[in-house]
Amino acid sequence: MRILILGGDGFCGWPSALHLSAHGHQVTIADSLVRRRIDDELGVQSLTPISPLSERVRAWADVTGHRIDVAEFDLARDYEALTELLTTFRPEAIVHFAEQRAAPYSMKSPDLKRYTIDNNLNATHNLLAALVHTGIDAHVVHLGTMGVYGYESVPVDLPEGYLTVTYPDRNGRSHTREILYPTAPGSVYHLTKSLDQLVFQFYARNDGVRITDLHQGIVWGTQTDETNLDPRLINRFDYDGDFGTVLNRFLVQAAVGHPLTVHGTGGQTRAFINIRDTVRCIRLAAETGDAVDGRVRVMNQVTETHRVADLAHLVAQTVGADISEVPNPRAEADENQLSARNDTLIGLGLEPTRLATGLLKESVEIAQKYTDRVDVSRIPCTSYWNRNRRSVATERVE
């Protein structure tokens, strides 16, 4: 298949591009390289030394003989470049990673809240409008988030996107219909993914655009079989308070002897998936586009759930580290339960990689190998969800 990867230079986009190419697909990456510029803006770098994109694709060709083409433009702003690429490449599937992906970054300032809304919604809408405009029947695979569901403690397995409801009409007759599961976004970033869902529903219903929306959990791990082939192919490893996911942050903290910073009580339950499973899920979704017809297909891209405090204890036992509770910058409950169904991806053949498999050791080794690149001052999260959370943190410090 001809597959276009939007945001193919990023943490999930790059290993997904390699995985699809390794499985015989013709891959083109489109990226504005904004994630690299954000590193410069924040004054932080990936723990792993990532090569320029041009060197990455050259290394992939050297190692495998497979070619990946690159188009550099801003999906949210350069509509003409997008339509030109669509009409020349004519993709059969499009994997959409081209959104600002960090909740803390989206809450850091009014400017970054506005940027996240502007970038993410414009990118999604430009893509769908361009597909209708050009008449290209490409299956869109979008990387969403489990965060659209919120983090309640209702004792129910979260369904895959939809909820069946029954309600009475004015004559007392009951009607049953399927609706999107009510969203409860916990940040501006999660808000954009919730709004994406409505945009997808409209274009699927109105124009017949085929769309799969993957509600992904927190990704842990760094390397895949493909990125392991050559040092120039290594993937990002973000550890800072804005972009570092919780498990990766814990691993870096342990590697440099910094206490593991658990937000609040650590009673928040989160959904997780290993990066190896992420790329497999993307491929399984892209390769089954013919099964998508009519409504948006929603899959929960998650393999297990863990409490944050339990993760901290797991890392502390594995590496040897102290644990420190710090004020939670997020406006969320101190404790919650979470369980989600992932029947569709399991049915497509996904064999989940779990924390207990030993791959945590690989992540520990990467964290320890590059400790000289760690800036400890960038580890704490300094983005607060509201004034109350900021004042609580300030009082703790004083």
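## About the model

Residues are numbered from 1 along each chain as its sequence is written, and side-chain values use heavy atoms, with hydrogens and water left out. Because the model is predicted, local features need pLDDT of at least 70 and side-chain atom pairs count only at pLDDT 80 or more, while totals for chains, interfaces and linings use all residues.

## Cysteines on their own

A disulfide is a covalent bond between the sulfur atoms of two cysteines. Here, a pair of cysteine sulfur atoms must lie within 2.5 Å to be called one. Searching the whole structure turns up zero disulfides. For Cys12, the nearest cysteine sulfur belongs to Cys281, 11 Å away. For Cys381, the nearest is that of Cys12, 19 Å away.

Is Cys12 buried or exposed? Cys12 counts as buried because its relative accessibility is 9%; buried means under 20% relative accessible area, exposed over 50% and partly exposed in between, using a 1.4 Å probe and protein chains only.

## A buried loop residue

Thr224 sits in the loop between strand E9 (218-220) and helix H8 (246-255). Helices (H or I, at least four residues) and strands (E, at least two) are DSSP runs, numbered from the N terminus. With 1% relative accessibility, Thr224 is buried. Leaving aside residues up to four places away in sequence, Thr224 touches Pro15, Ile275, Arg276 and Val279, where contact means heavy atoms within 4.5 Å.

## The nonpolar cores

A nonpolar core is a set of buried Ala, Val, Leu, Ile, Met, Phe, Trp, Tyr and Cys residues joined through side-chain atoms within 4.5 Å. The largest has 39 residues, and Leu86 is among those touching the most other members. Strand E1 (2-6) and helix H4 (79-89) are among the elements that each supply at least two residues. A second, separate core of 36 residues includes Tyr115 and Phe237.
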